[in-house]
Amino acid sequence: SSNMTKEEAIKCEAYRIQVDEKLLRTFIHVESGGTGFNGDGTLIIQFEPHHFKNYAKNEYTKYIRLNNTAQKELTQVEKQFVADFNIVLANKISSQLEEYKAFNAASRINKTAAMLSTSIGLGQVMGFNHKRLGYITVDEMWDDAKKGEDRQVFQMVEFINTDSRLKNALKEKNWHLVATYYNGAGYKELSQKHGFTPYDIRMRDYYNKL
């Protein structure tokens, strides 16, 4: 494990990219509630099925074909494959138990595609951003995140640091733009759909509280 606390990492990283550390705290609070690990020591994740379908194109094509084949014609291995893909596609933003159920099913189908399609840790950075953060493979990114919350702070801050629009929006406390650049233009609709307060409002309120 690594040797720096989350708090020390936030101070160092805020200094490194020259932003107010309160801004980073706000970011972390809203993205993950301020924790990068579950009680059992696993990373907090969010698995995204639509990305998985994209990164596991061949497997998805195979799934469509097998899914249209009569059950009795499928081998045991093929049945398991279809069952796993059904679990993957059924995943909605939900509990960590459900997220891991979907992620593990996806990993049995294609481990790398599963990791690329999942956001991890304190900053909930997607696996497909690994090169942007300086990792050669997505495995390296996951392994580093598992070492400690300080490494997850680094990943989140490096993600911000490599997008000047996002970094400037953060410095200007333009919460709408921060949420747009970090969580996508549809963040408000997504919030409404899942019944939670939009990111920009949550960021504004938490920052003001700090």
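Student: How many positive and negative side chains does the protein have, and how far apart do the centres of the two sets lie?

Tutor: There are 29 positive and 26 negative side chains, with 3 Å between the centres of the two sets.

Student: What should I know about the model itself?

Tutor: This is a predicted model, in which local features need pLDDT of at least 70 and side-chain atom pairs count only at pLDDT 80 or more, while totals for chains, interfaces and linings use all residues. Residues are numbered from 1 along each chain as its sequence is written, and side-chain values use heavy atoms, leaving out hydrogens and water.

Student: How do you know that the radius of gyration agrees with a compact globule?

Tutor: The rule for a globule is 2.2 Å times the number of residues to the power 0.38, and the radius is taken over C-alpha atoms. For 210 residues a compact globule would come near 17 Å, and the protein has 19 Å, so the two agree. Along its principal axes, the C-alpha trace spans about 60 × 40 × 30 Å.

Student: Which helices and strands are there, in number?

Tutor: The protein has 13 helices and three strands. Both are DSSP runs numbered from the N terminus: helices are H or I with at least four residues, strands E with at least two.

Student: Why is glutamate 158 called buried?

Tutor: Buried means under 20% relative accessible area, exposed means over 50%, and partly exposed is in between (1.4 Å probe, protein chains only). Glutamate 158 has 14% relative accessibility, so it counts as buried. This residue sits in helix α9 and touches Arg16 and Leu133, leaving out residues up to four places away in sequence. Touching, or contact, means heavy atoms within 4.5 Å.

Student: Why is aspartate 150 given the label it has?

Tutor: Its relative accessible area is 8%, so aspartate 150 is buried. It belongs to helix α9 (residues 149–161). Its C-alpha atom is 50 Å from that of alanine 70, which is 80 residues away along the chain.

Student: And what makes alanine 90 exposed?

Tutor: Alanine 90 has 52% relative accessibility, so it counts as exposed. You will find it in helix α5 (residues 76–90). Between its C-alpha atom and that of alanine 102, twelve residues along the chain, there are 8.0 Å.

Student: Which residues touch the most other members of the largest nonpolar core?

Tutor: Leu24 and Phe52 do, in a core of 58 residues. Such a core is a set of buried Ala, Val, Leu, Ile, Met, Phe, Trp, Tyr and Cys residues joined through side-chain atoms within 4.5 Å. Leaving aside neighbours within four places in sequence, the contacts of phenylalanine 52 include Phe47, Phe85, Val88 and Ile109.

Definitions and conventions: Lys and Arg count as positive and Asp and Glu as negative; His and the chain ends are not counted. The place of a charge is taken as NZ of Lys, CZ of Arg, CG of Asp or CD of Glu.
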